[in-house]
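Trainee: I would like to go through this model and ask what stands behind each term used for it.
Mentor: Put the structure up and start.

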Amino acid sequence: MKIAIHNRPGSFSDRWIEYCQQKNIPYKLVYCYSSDIILQLADCNALMWHHSHDDYRDVLFAKQLLYSVQMAGKKIFPEFSTTWHFDDKIGQKYLLEAIGAPLVPSYVFYNKADAFNWIQSTTFPKVFKLRGGAGASNVRLVKTKKQALRLLRKAFGRGFSQFDRFAYLKERYRKYKEGKDSFWGVCKGLARLFMPTQFSKMHAREKGYVYFQDFIANNNFDVRLIVIKDKAYGLKRMVRKGDFRASGSSNFVYDAIDNTTLKLAFEITQKLNLQSAAFDFVYDESGAPLIIELSYGYGTSGSSKCMGYWTSDLIWHQDKFNPQGWMVENLIHTFEE
């Protein structure tokens, strides 16, 4: 048994490789962007690739390649059930609604007239989102009907760039003021006003739809809960100062998470057959958890400092752990099933 790993420094692959070395698990580094990638995998039984939402190449073909390898009889991470809805908030809306999961009420329209009529009859504020983007990028609080109509015209007109240069600069400056970024980081934000990212140059503008979610008030944090099969760990992410968003705030609180939220995350992970899932929760007026979105991939800067984890029986284990190691072990266990 040999595992092929696409090595992307700074991704899950760093710890996958380290874990395989520590446990003497046979592995091979491959380059998924090569035209002969299928040939490279000939002597391997599995492929692990932490593909990214902000690399245009990954967006272009990662899911298709992984599914093709799975259809060839090899094990993969992430599997199709885990990754098809990655960085696709619209896909997640349909998926979670289909299984009756408590999603924040969400609305999508592919026709300008239908969206216009809905805007005229709904209440505000609402949260506008593009289908892709992480760290609360491409997310706006729409306070009035006038603002919603402006976004509607743009959505069915010129469309939106996946990279908001002004929002990026603002975020860099916010982190600089909070001591979480350097002055050089602010300079990079200024430079991005004139030099777009490679992703935004290669990726088509988002247009032809509008997507809104209800604004769930009185949440000064959200809960990021990561489930890897039968284990979970998580934290609270505090809302940014003067903002409504918690994602990307880099302000973490390592506090207890209630059993209702834990149980819900484990149940959905099992029902959808997810190898890895990071759930973002907020809470309604009654305290019931609502899912904002989910993702198989996630940042590790905050969650790596968690002091322990829960098992699916909701028992807390205060101990060091390696979630990327769990991913490798779970993949190996599928050969024994």
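**Terms and their grounds**

Mentor: Begin with β3 and β4, which run parallel and are joined by three bridges. The model is predicted.

Trainee: What makes β3 and β4 a pair?
Mentor: Two strands pair if there are at least two bridges between them. β3 and β4 have three bridges, so they count as paired. At Met 48, the bridge partner in β4 is Phe 77.

Trainee: Which sheet has β3 and β4 in its order?
Mentor: An open sheet of four strands, ordered β2-β1-β3-β4 with parallel pairing.

Trainee: Why are β2 and β4 called edge strands?
Mentor: Because β2 (27-30) and β4 (75-77) each pair on one side only. On average, neighbouring strands in this sheet are turned by 20° against each other, with direction ignored.

Trainee: How do you know that helices pack on the sheet, and which strands do they touch?
Mentor: By contact, meaning heavy atoms within 4.5 Å. α1 touches β1, β2, β3 and β4, and its direction makes about 150° with that of β1. Helix α3 (residues 56-71) touches β3 and β4, and its direction makes about 155° with that of β4.

Trainee: Val 69 lies in helix α3. Is Val 69 buried or exposed?
Mentor: The cut-off for buried is under 20% relative accessible area. Val 69 has 2%, so Val 69 is buried. Leaving aside neighbours within four places in sequence, Val 69 is in contact with Ile 38, Leu 41, Leu 47, Lys 74 and Ile 76.

Trainee: How far apart are Gly 234 and Asp 280 in sequence and in space?
Mentor: They are 46 residues apart in sequence and 9.9 Å apart in space, C-alpha to C-alpha. For Val 69 and Ile 119, 50 residues apart along the chain, the C-alpha separation is 44 Å.

Trainee: What makes a set of residues a nonpolar core, and which residues have the most contacts inside the largest one?
Mentor: The members are buried nonpolar residues joined through side-chain atoms within 4.5 Å. The largest such core has 27 residues, and those with the most contacts inside it are Ile 3, Trp 16, Met 48, Tyr 233, Tyr 298, Met 327 and Val 328. Elements that give two or more residues to this core are β1 (3-6), α1 (13-23), β3 (46-48), β9 (221-228), β10 (231-238) and α12 (323-333). α12 gives the most, with five residues. Another core, of 23 residues, lies apart from it and includes Leu 264, Ala 265, Tyr 283 and Trp 310.

Trainee: How do you know that α11 has the span expected of a helix?
Mentor: Helix α11 (residues 259-271) has 13 residues and reaches 18 Å from its first C-alpha to its last, close to the 18 Å expected at 1.5 Å a residue. Among the buried residues of α11 are Leu 262, Phe 266 and Ile 268. Their cover includes α5 (89-98), β9, β10, β12 (277-283), β13 (289-295) and β14 (309-311).

Trainee: What makes Asp 258 a cap of α11?
Mentor: A side-chain oxygen of Asp 258 lies 3.2 Å from the backbone nitrogen of Thr 260. The cut-off for a polar contact is 3.5 Å, so this pair falls within it, at the N-terminal end of α11.

Conventions. Residues are numbered from 1 along each chain as its sequence is written. This is a predicted model: local features need pLDDT of at least 70, side-chain atom pairs count only at pLDDT 80 or more; totals for chains, interfaces and linings use all residues. Side-chain values use heavy atoms; hydrogens and water are left out. Buried means under 20% relative accessible area, exposed over 50%, partly exposed in between (1.4 Å probe, protein chains only). Axes are lines fitted to C-alpha atoms, for helices over the stretch in contact, and angles run from 0 to 180 degrees between N-to-C directions. The expected span of a helix is 1.5 Å times one less than its number of residues. A polar contact is a pair of N or O atoms within 3.5 Å; within protein, one must be able to donate a hydrogen and the other to accept it, and residues adjacent in sequence count only if both atoms are side-chain atoms.
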